[in-house]
Amino acid sequence: GGTEKIAFQFVSLAEKTGSEETLLLDALEALIILARHAGAELSEVAVKEPPKFLTSIAKIMNVSKPDKKMDLCLSLIETLVDSRSLKITDSIVESGLILRVIQTAIESKSEAGSVGGSLDKIEEKGGEDAKGEGGKKGEIVPPQIAIEAVHLLKKGIISRSQKPEEEKARAKFRTVINNLLTPGIYLMLQYDEKGVEKVASHLRTETKTPTIIWTAPIRNQLKKYLKSQESAIVSYRKWSLDNDFAYDALKTEPAWDNVYLRIYADQDLGYQLPGYLGISTKEFFHSLLKMLSRFAREKGLLFEVKSLPREGTASSLDEAPTAERSVSAMPHIPFPEGANPLQHLTILCKCLLHILQSDPSLHDKKEKNLVDLFRLIVHPYSKLQHTILQVVDVCRDSEESMKHVVSVAPWILCMLHNSQKSEQRDSPPLSLVLSAITAILEKGSWPENLPNPPPGAKTFKEVETLLLSYGLPVLLGKIICDDKEFDKKDRTAAAKLCGMLSVENKTDSYRVLHSMFTWQVGKFLHECAAHPEKLIEFFDEIQRDPKVYWTKEVRSEVVIGINSEALSLVMWQKEALKSAQKSGVEHKPCDWDSKTVGMRITHPALAKQLCVGEIFVYELVNFPHYQLDPDVYLPPLWVELEKSKQALDQKGGPHEEKVMIALVESLQIVVTNLPHVAEEWENPKISFLYELLASNQVPVKEKVLELLVSCSKEAAVSIKAAMGGLIRLALPLLTAADTEEIMENVLELVVIIVRRSSPVVQQILELGGHLILILVCFGKLKNSSKRVKKKAATLIGAMVNDGTNGFQASDEFCNILTSAFKKKFLERAENLIAFFNEDHEAKERKWDMENRKKLIELLQKQLAEITPKMEQWKQGERLFDEEVVYAVWPRPPEPEPETKEEEKAGEGQPEADGGDAPPIPGKVPPDPKPDEGNA
């Protein structure tokens, strides 16, 4: 009973006003000695109801004036806490004494009278040893009495053993410390080896870290609360903490697992949670993901949907580890009611992003809740969408994570044109959206060259098909086309994606892009993956040449076509997003048809252009010196020529005529620039060109003749024409005489061939071509102008000057005319033409106007009969019967053999007045200059 008496005497001293200080000090010292030697007995007295003993200690503690008495009071309380009594900590709480101790920790003054120290923010660097949680350079050291008070609080929450009864006995004490000093300070005090010094410092400074927020408003609210509880502290009634006590500054501060999420999300990369929290980064990550899923579902922002299945099953996925929650862990989701839940989800996503950026080892974990994070992208909150896209970028190297990203790819595509301007409130930056799609294409598929793909993995073809079904090529095209709405960087990123979709120009997406942008862009789409700027430069510049026809009109048609396709897609996306926000699924499947896009998008301006082998023929005509690769251009050109001939024969309209003329002219450009090309043409190709002379379109004949004249200068072409007897197709044009130009070119063509192939002379005679030449020289055929006559005379000279068949040609001409012409054939063309109208006599023939008239009529009649036969003529067949001339001329007597030999021996000698030299057998004479007569 002596312990109880001493305790009551102390109570009396404490209650008595004006008690001497020395008596109180002596009593406290005696009680301390007593507690050390009879702690159990003194503790029994202390816990008796009402708690007069403990209340008396609180009464004599003067926080504003720390002195020896304060030190003795704290020592006495510490000695009681150290006793083995299981009730003492509860009694310290219920008596209100704990409030006095807390008050001492935060309000006690130093000897200099200054409260606390600087309010400079104390940075928390974290780490397993909680480095940086106090004791920093420049930090004001709290008064010793405050440190002792904090030390006492630490003893009150730490149990000497882990027995359940002792843990239970300290529950109330811990709860008060946790609620009044916040969970972070409580955990630091309990688990940090240097927790006493750090907490004592934090309580007097301005601190904002992911685990501790202790600011002036919080400290002032606590002081105000302690002051309001003063009557309870000094009275004998039982005290308890209000259940609804909360700091105003923390009511809107989201926290989970004793971590302030908003502050945690803003930490520098590499930040680690302090060890005293008792939770690893991995555990915190999985805990946050589970909480995110739960919170989003409770708020109606996530749904169990079939359209976006999670990869794998519960049995195939690793279960996330369960974090052991401390006493301070909140059983409910710590977000204030009435606030925007999307804002809180953004904070959660930022925290998860921070963890993934800091700990790459988490990327390969099979976290089934990660897909829920990605699915939140459908909600129109820009910061949330922005953060989710950043998570996608961080997860791009994780095979498991990218499976989830691919599953929500349709929703990511919806962001392309819901994010045209980064300053829009509900739009994430377009660059992030494009980066996410790039990650899907680069990392979201299993390499096709690797066997045994894991469950749920998709091949590139499957991923590409998925993106195509939601119109990705069109959505990218819309970005590329609009240089006013989108900057060059984003347009270039979109072009790169087009290149990635066009692998080896074999994908369905490539075919869609090819149809949208025209084949001009399509031919280098596969290069855009490495050089996307090429597509942008091409699209922005206007260019017209044989290889590129990209005018403002063509570009405008491309833009119109893409925008018309994008219109329905964007409208579907808007409705799908609204539906997903309400139910988690799209309102209806995307019915955009990629297979028929080429039929829906047309480019009339480009379609008007004649294109062969990726060469614009109409443009080539305007670039006559443009160098082409004949091996590339000519094969498709011959095919197109054949098609054009069929169309010309069937329709024969202006369009068909225009096409044929351009094709022939382009072939002539190739021959003009590369003459050797014609030497390689096979006989059928040369025959085809001659067959074109039968066209009913005069302009076509003119162009073909120009081409034949040009290419026949190559000996191989002339020889092949001679071997095929193709002049049978050219000579009839002289009788038709459509234009003077045609007449000239036919004669020029035959001259060229005659000088390169002797058999052609014989062919002309067999066809009756010499009749035509005679009538031209007479001027009796249409369009037989002076120039045409000169060409005809030149051809006659070339024929009679031929080393093989020249004598025969001369004889057959003279058989129709007179022998006096023989020498004239070798004179200048002008002389020969004039001689046709000069009266003369030669042997038995009188060359006067009357006989000339008869001869002309005879020849015209004969020509009308043989011309229709020329096309079907076969070599060796003579269409003109020489006997008919004797209807005009007398038949000559049969010459004596000797006389005939002598006559032949004397023939063929050149005249001295400008006639041609005698022919040299086997040698082809050179082409004459335009103003020359007979060669």
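Trainee: Quick one on Cys 481: buried or exposed?
Mentor: Buried, at 10% relative accessibility. Keep in mind that this is a predicted model.

Trainee: Which cysteine sulfur is closest to the sulfur of Cys 481?
Mentor: That of Cys 498, 9.5 Å away. The gap is too far for a bond, because a disulfide needs sulfur atoms within 2.5 Å.

Trainee: How many disulfides does the count come to?
Mentor: Zero, by that rule.

Trainee: And how exposed is Cys 611?
Mentor: Partly exposed, with a relative accessible area of 28%.

Trainee: New topic. What is the mean pLDDT of the protein?
Mentor: The mean is 84, and 87% of the residues reach 70 or more. Residues 112–138 fall below 50, though this stretch still has 72 contacts beyond near neighbours in sequence. Residues 306–331 also stay under 50. There the model has 47 contacts beyond four places in sequence.

Trainee: What should I do with coordinates where pLDDT is low?
Mentor: They should not be read in detail.

Trainee: OK. How many helices and strands are there?
Mentor: The protein has 48 helices and 10 strands. Of its 935 residues, 54% are buried.

Trainee: Take helix α40. Where does it run, and what is its reach?
Mentor: Helix α40 covers residues 740–754. Its 15 residues reach 21 Å from first C-alpha to last, close to the 21 Å expected.

Trainee: Why call α40 largely enclosed?
Mentor: Because 12 of its 15 residues are buried. Among them are Ile 742, Leu 747 and Val 754. Glu 744 is buried too, at 15% relative accessibility.

Trainee: Which residue meets Glu 744 in a salt bridge?
Mentor: Arg 787, at 3.2 Å from N to O. Arg 787 sits in helix α43, so the pair ties α40 to a part 43 residues away in sequence. Arg 787 itself is partly exposed, at 49%.

Trainee: How many salt bridges are in the whole structure?
Mentor: The search finds 46. One of them joins Asp 540 to Arg 491, with the closest N and O atoms 2.8 Å apart. This pair links helices α28 and α26, and the residues are 49 apart. Arg 491 is buried at 3%, whereas Asp 540 is partly exposed at 32%.

Trainee: What about Asp 839: which residue does it bridge to?
Mentor: Arg 852, with closest N and O atoms 2.7 Å apart. Asp 839 lies in the loop between α46 and β9, Arg 852 in helix α47. Asp 839 is exposed at 55%, but Arg 852 is buried at 8%.

Trainee: Which residues are linked in a network of salt bridges?
Mentor: Lys 461, Glu 464, Asp 508 and Arg 511.

Terms used
Residues numbered from 1 in each chain as written. Predicted model: local features only at pLDDT ≥ 70, side-chain atom pairs only at ≥ 80, totals over all residues. Heavy atoms only, no water. Helix = DSSP H or I, 4+ residues; strand = E, 2+ residues; numbered from the N terminus. Buried < 20%, exposed > 50% of the residue type's maximum accessible area, 1.4 Å probe, protein only. Expected span 1.5 Å × (residues − 1). pLDDT = per-residue confidence, 0-100. Contact = heavy atoms within 4.5 Å. Salt bridge = Lys/Arg side-chain N within 4 Å of Asp/Glu carboxyl O.
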